[in-house]
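Here is a protein chain to get to know. Have a look at the sequence and the fold, and then we'll walk through them together.

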Amino acid sequence: ATGTQSASRHQSLRSMVDWSYGLCPTTAQVLWRRLSIFSATFDLELAESVCAFGELCSDDVMDSIERLVAQSILSTTRGAGTMRYRLPAAIREVAADLADQADETSELQRRHRDALLRRAEETLGEWCGPRQDVLIERMSLDHAGYVAALHWSIATPGEQQTALRLLASLRYHYLIGGRLAEGRMRMEALLATVTEPSPMRAECLWVATWI
């Protein structure tokens, strides 16, 4: 009986989400399904970098986020000096199914990794400056995204060198953010797997040694 009730609640939730989805204009529907790539909170900059492609431009992303917030599809919070957004887990699950149906998941995973890599490298370049406290907070808020980007890069053929590059760029995240053991574990595991000499492996090796 419990299983039947759980299935019934799940079906009711799916119906409600599908109904809300159908009320949105096309641009908001496209953004909604694409935002499923974010497993935790994200900001507007990340949303635009990852989701603005094909039929969706940057202005569409901003306008559609406002609509989804107004419809209580997206929740909001503030962090690292800016507004951050989240898709609740149940809504994200439905959105991920819709992204699969639209054959967008692989493209979203790659764009998500590329956006997080750019952010990590920009943070590294800005580190010795007046925004360091904001960068530390933002790295912590983006942690789940970095983990997902690393997992995708490690698991995808031809992307291991980029995984090394991302790990090396996250050196301060691991050193300052209270994740020293995690950083060392991830670097040592990847270095043991990717053994062919390369500039990226050399950089990741010295970062691991430094940590």
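## The chain as a whole

Accessible areas here come from the Shrake-Rupley method with a 1.4 Å probe, and for residues only the protein chains shown count as cover. By that method, the accessible surface of the chain comes to about 10,600 Å², and 52% of this surface belongs to carbon and sulfur atoms. What you're looking at is a predicted model, in which local features need pLDDT of at least 70 and side-chain atom pairs count only at pLDDT 80 or more, while totals for chains, interfaces and linings use all residues. Residues are numbered from 1 along each chain as its sequence is written, and side-chain values use heavy atoms, with hydrogens and water left out.

The chain has 211 residues, and 44% of them are buried (buried means under 20% relative accessible area, exposed over 50%, and partly exposed in between, using a 1.4 Å probe and protein chains only). Along its principal axes, the C-alpha trace spans about 55 × 40 × 35 Å. Take the contacts (heavy atoms within 4.5 Å) between residues at least 6 apart in sequence: 65% of these join residues at least 24 apart.

Now for charge. Lys and Arg count as positive, Asp and Glu as negative, and His and the chain ends are not counted; the place of a charge is taken as NZ of Lys, CZ of Arg, CG of Asp or CD of Glu. On that basis there are 22 positive and 27 negative side chains, and the centres of the two sets lie 4 Å apart.

## A sheet of three strands

How many helices and strands are there in the chain? There are 12 helices and 3 strands, where helices (H or I, at least four residues) and strands (E, at least two) are DSSP runs numbered from the N terminus. The 3 strands form an open sheet in the order β1-β3-β2, with antiparallel pairing. β1 (42–43) and β2 (75–79) stand at the edges with a single partner strand each, so one side of each has no neighbour in the sheet.

Two strands pair if DSSP finds at least two bridges between them. β2 pairs with β3 (residues 82–86) over 5 bridges. Along this pairing, Thr-76 has Tyr-85 as its bridge partner, and Thr-77 has Arg-84. On the β1 side, 2 bridges join β1 to β3, and Asp-43 stands opposite Arg-84.

## Rings that meet

Rings of Phe, Tyr and Trp (its six-membered ring) pair if their centres lie within 6.5 Å; planes under 30 degrees apart count as stacked, over 60 as edge-to-face and the rest as tilted. The structure holds 5 aromatic pairs. One of them is the stacked pair of Trp-127 and Tyr-172, at 4.5 Å centre to centre with 5° between the planes. Trp-127 lies in the loop between α6 and α7 (132–141) and Tyr-172 in helix α10 (residues 171–176), so this pair ties together parts that are 45 residues apart in sequence. Is Trp-127 buried or exposed? Trp-127 counts as buried, at 5% relative accessibility.

Tyr-172 also pairs with Trp-210, this time edge-to-face, at 6.0 Å centre to centre with 90° between the planes. That pair links distant parts of the chain, 38 residues apart, with Trp-210 in helix α12 (residues 199–210). Trp-210 counts as partly exposed, at 41% relative accessibility. Together, Trp-127, Tyr-172, Trp-206 and Trp-210 form one aromatic cluster.

## A few residues up close

Thr-123 sits in helix α6 (residues 105–126) and is buried, with a relative accessible area of 2%. Leaving aside residues up to four places away in sequence, Thr-123 touches Leu-135, Arg-138 and Met-139.

Met-187 is in helix α11 (residues 180–193). Its relative accessible area is 0%, so Met-187 is buried. Which residues does Met-187 touch, not counting those up to four places away in sequence? They are Leu-167, Tyr-174, Cys-204, Val-207, Ala-208 and Ile-211.

Ala-90, in helix α5 (residues 89–101), is partly exposed, with a relative accessible area of 29%. Ala-90 and Met-187 are 97 residues apart along the chain, and their C-alpha atoms are separated by 33 Å.
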